[in-house]
Amino acid sequence: MNVQDRRRLLGPANASPIVFSDVKEKKSKKIQAKPDDEISKMFINTGLVKNCDGSAYIEVGNTIIQVSIYGPRPIRGSFIDKAILSTECRFLPYLSQPNDSISRLTSSTSLITNYNGKLNLSNIEQKISSYIESCFLSCIYLENYPKSSIDIFIKILSVDTNLLNLVNDVVHCCSLAMVDAQIESKDLITSGNLRYLKSNNHIIMDPKCKDKDKDITNEVVEEGKLDLVVSFMNSRNDEIVGFWCEGNDTLEDDVLEKLIERCNDMSKEIRKNINFYLIESLE
Amino acid sequence: MTVLDIPKVAVPGQPLVPSFLTDEGDSISKFIPGQGTKLERLLVQDKNSKVPVIIATILGKVKIYERVYKEEAEAEEEEEEEEKEAEGKQDQEQEELKVRTFIISVVPKSSKNYYYQDSQDSQNLQKLKELEIDTNIEEVTSKNQEDVIINKSLSNLPQEGDIVLVKILKLTLKQAFVEIIAIENKKALDHSARTLINNDSAPPSLYSSIASTSTTILQQVDIGENFKGIIRSQDVRSTDRDRVKIIESFKPGDIVRCIVISLGDGTNYYLSTARNDLGVIFAKSHGGAGEIMYAVDWKTMICINTGEVEQRKCAKPF
């Protein structure tokens, strides 16, 4: 048979198929369970993005967040004597977003579907955006920046934890970016995050998904389990600037007080670390 | 003899010093918030009431300057002379509380030179001494004074009274539209520097994207990163101001030194060149096609290569 198929590009006659060697699947390391009263380690860096006024990068476990801040920059339209703060949180498109299934249930009320006119944000993204925005509104000296806007862009590059734990890290990342942008603020916001198990009156600080293969999108709100994020201005007499609670149960006043106290402890601990990083970066 | 117990570096929110300190009853140190600091009322640990405390608002090194007023210094000298003449009687008044005023500020790492701009005080201000932290107040080491001038506010936004450098964008019969490039004695506006150096476009402001839905698409295209301004024809010069012709004062592309007279409306700052030291600094002939021109007098510029003469409202170069 000398007739070649002229309609196709043929490979060389002596070509042989590729054979892959046997690749053994690596056994995924079991993540060592963190003690319940310990805060997980984080890696922080600032000023990586050159194009913006301030940026920060944070890694906690497999959760990676990057925040860039643009501002103060001019606005269009009528005169305003204070800066406008706006926040946009986005997950990378292929990431599965935590608690997605829950938010889809609640979204039927559609109160937040078009939050602040920003389009194409998922419910989770909108919720995180509005939480960060309300925290930082009370923290920045907006009156120092007339006729301008300050924009916070949060990019979540990777996530392996539950929603409120993620929010906790996002708060810290935004605070660092705010410092890097040299925007005058009343304090540096840090926050604490914990899980309260009502059945045995147990508190887990900085709760992580211990099971690596657990689907974060389907974390069900169990009865008697409560997740809490509280954000503070710690050197300003521990003023609370943000409070977010997810759960399906009632809380007694004294328990709530205790939980906030524990969040404050955690927030102070993180504040110490961030302060150390910032002061080191000066020298 | 009080040792200043003030941190050398500060993070935002860190309390630096209460607004008043007493030194064993014979003098009071008063602290004024400078750049990068704010006066706030905070609860102090062992007290229940709120106390005025100066806090840092940015990350940076803490600097303290002593403010000495010219009038005060002279008055003190006179007082001393009088007191010498009339000794004895006024012994009690001599023990008046001495108030020393310090300006405390936080300077970010990136900045090197700061200039003190405080229009109210500039006349009275004789000198600002920089104090070394951890030294006794009594032993003030004064450094090179000219280096130790600080900025009143950190925010590098144009404020009323600031001298700015602008680029002329567009002329109409009544006014010139400009873009603010830099503010004198302040850090260059980041945005303008960015857009001048590399053309990386920043994501548009979320706010402007909302606002632009109500305006035309044309405006959306030229959403700039720079603050804009207007020089009205009556603000070009201080004499004969109703006969000013904008076209004989500026041309598009000129670099002009202006003073900010008002924050203006939402979009534009209002600027003025009605001073000898304000006006066109750099201009090219033939609408930018020619060579750089030099000022001959306050309303003419000449190109030394071609001899071309054009009309501008020039700034006095020296």
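1. Over all chains, the structure holds 5 aromatic pairs, a pair being rings of Phe, Tyr and Trp (its six-membered ring) whose centres lie within 6.5 Å, with planes under 30 degrees apart counted as stacked, over 60 as edge-to-face and the rest as tilted. In one of them, Y70(A) and F153(A), the ring centres are 5.6 Å apart and the planes stand at 85°, so this pair is edge-to-face. Y70(A) belongs to strand 3 (residues 63-74) of chain A and F153(A) to strand 5 (residues 148-158) of chain A, so the pair ties together parts that are 83 residues apart in sequence; helices (H or I, at least four residues) and strands (E, at least two) are DSSP runs, numbered from the N terminus. Both Y70(A) and F153(A) are buried, where buried means under 20% relative accessible area, exposed over 50% and partly exposed in between (1.4 Å probe, protein chains only).

2. A note on the basis of these values: this is a predicted model, in which local features need pLDDT of at least 70 and side-chain atom pairs count only at pLDDT 80 or more, while totals for chains, interfaces and linings use all residues. Residues are numbered from 1 along each chain as its sequence is written, chains are lettered from A and ligands numbered from 1 in the order in which they are written, and side-chain values use heavy atoms, with hydrogens and water left out.

3. Another of the aromatic pairs is in chain B. The rings of F31(B) and F102(B) have centres 5.3 Å apart and planes at 25°, so they are stacked. F31(B) is in strand 4 (residues 27-33) of chain B and F102(B) in strand 8 (residues 98-107) of chain B, so parts that are 71 residues apart in sequence are tied together by this pair. F31(B) is buried with a relative accessible area of 2%, and F102(B), at 0% relative accessibility, counts as buried too.

4. The largest nonpolar core has 82 residues, among which I128(A), I154(A) and I156(A) touch the most other members; such a core is a set of buried Ala, Val, Leu, Ile, Met, Phe, Trp, Tyr and Cys residues joined through side-chain atoms within 4.5 Å. Helix 3 (residues 163-180) of chain A gives the most to this core, with 12 residues. The core also draws at least three residues from each of domain 1 (9-80 + 96-130) and domain 2 (162-192 + 207-311) of chain B, with domain bounds that come from an automatic or database domain assignment. In soluble globular proteins, nonpolar side chains tend to be buried together.

5. Leaving aside neighbours within four places in sequence, I128(A) is in contact (heavy atoms within 4.5 Å) with C89(A), F91(A), I156(A), L163(A), L166(A), V167(A), V170(A) and W244(A). A second, separate core of 13 residues includes L16(B), V17(B), I54(B) and F102(B).

6. The 30 residues of helix 4 (residues 253-282) of chain A should span 44 Å, and the end C-alpha atoms are 43 Å apart, which agrees. The buried residues of helix 4 of chain A include V255(A), N264(A), R271(A) and N275(A).

7. E40(B), in strand 5 (residues 37-43) of chain B, deserves a look, since this glutamate is buried, with a relative accessible area of 13%. The side chain of E40(B) makes polar contacts with the side chains of Y141(A) (2.6 Å) and R236(A) (3.2 Å). A polar contact is a pair of N or O atoms within 3.5 Å; within protein, one must be able to donate a hydrogen and the other to accept it, and residues adjacent in sequence count only if both atoms are side-chain atoms. Not counting residues up to four places away in sequence, E40(B) touches V51(B), P52(B), V53(B) and I55(B) as well as Y141(A) and R236(A).

8. D206(A) has a positive phi of about 50° although it is not a glycine; D206(A) is placed in the loop between strand 7 (202-205) and strand 8 (225-233) of chain A, and is buried, with a relative accessible area of 3%. D240(B) likewise has a positive phi of about 50° without being a glycine, and at 40% relative accessibility D240(B) counts as partly exposed.

Technical notes
The expected span of a helix is 1.5 Å times one less than its number of residues.
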